[in-house]
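Morning, everyone. Please have a look at the structure on the screen, and I will walk you through it.

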Amino acid sequence: MHRKMSLLFVVTLVLSACMGGSGALPSPEPFDPAGVWDVTIMIEGLQVDGVLSVRGLEGGGLTGNIDTEMGAATITEVVLDGHTMTFLVPDVGATMELHFTGDEFMGGMSGYRGEGSISGIRRSPGEHPGR
């Protein structure tokens with residue numbers, strides 16, 4: 001009986017040491033969508049390719065622009081909630097919602113031209129045209 005208790009004590013000590021004492025896992029780093037993303041937009045049966053650039057604002061928040069074969073526009077009212085980012089593209093009356101998984105995203109959009117989908121792949125974190 002004493003031997004079983006000693007073994008149980010040793011196993012408990014080893015497990016406690018492996019868990020770092022508190023048993024709590026470290027918090028994951030917050031997702032940062034800043035960078036340059038190659039995008040494909042599908043709307044009304046048409047494929048429109050372009051580039052989405054996202055950058056942080058001094059003091060917090062995000063801004064950026066989207067440049068497609070049909071023109072360029074600023075994105076506004078950017079909200080990041082976990083791995084989901086929503087924003088407006090006022091120049092074309094569109095709202096977009098992107099769901100990020102690593103260096104890719106899928107999402108949807110709605111606006112003056114109807115509803116569509118958008119997908120993208122990150123070129124590189126922090127890369128911005130013109131810098």
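First, the ground rules. This is a predicted model, where local features need pLDDT of at least 70, side-chain atom pairs count only at pLDDT 80 or more, and totals for chains, interfaces and linings use all residues. Residues are numbered from 1 along each chain as its sequence is written, and side-chain values use heavy atoms, with hydrogens and water left out.

Now the layout. The protein has one helix and eight strands. Both are DSSP runs numbered from the N terminus: helices are H or I with at least four residues, strands are E with at least two. The order from the N terminus is α-β-β-β-β-β-β-β-β. Of the 131 residues, 29% are buried, where buried means under 20% relative accessible area with a 1.4 Å probe, protein chains only.

Next, the aromatics. There are four aromatic pairs. Rings of Phe, Tyr and Trp (its six-membered ring) pair if their centres lie within 6.5 Å; planes under 30 degrees apart are stacked, over 60 edge-to-face, and the rest tilted. F31 and F100 make a tilted pair, with 4.8 Å between centres and 40° between planes. F31 sits in the loop between α1 (2-18) and β1 (35-43), and F100 in strand β6 (residues 94-101), so this pair links parts of the chain 69 residues apart. Is F31 buried or exposed? F31 counts as buried because its relative accessibility is 15%. F100 is buried too, at 5%. F31, W37, F100 and F105 form one cluster.

On to the largest pocket. Its volume is about 360 Å³. A pocket, on a 1 Å grid over the protein atoms alone, is an open set of points where a 1.4 Å probe fits, with protein on both sides within 12 Å along at least five of seven lines; lining residues have an atom within 4 Å of a point. The volume is the space filled by probe spheres set on the points, which are joined across faces, edges and corners. Of its 18 lining residues, I41, T68, M70, V92 and M109 are closest to the centre. β4 (71-81) gives the largest share, three residues.

Last, V39. V39 lies in strand β1. V39 is buried, with a relative accessible area of 2%. Its C-alpha is 5.6 Å from that of S119, 80 residues away along the chain. Beyond four places in sequence, V39 touches residues including V48, I66, F105 and I118, a contact being heavy atoms within 4.5 Å.

Notes. Buried < 20%, exposed > 50% of the residue type's maximum accessible area, 1.4 Å probe, protein only.
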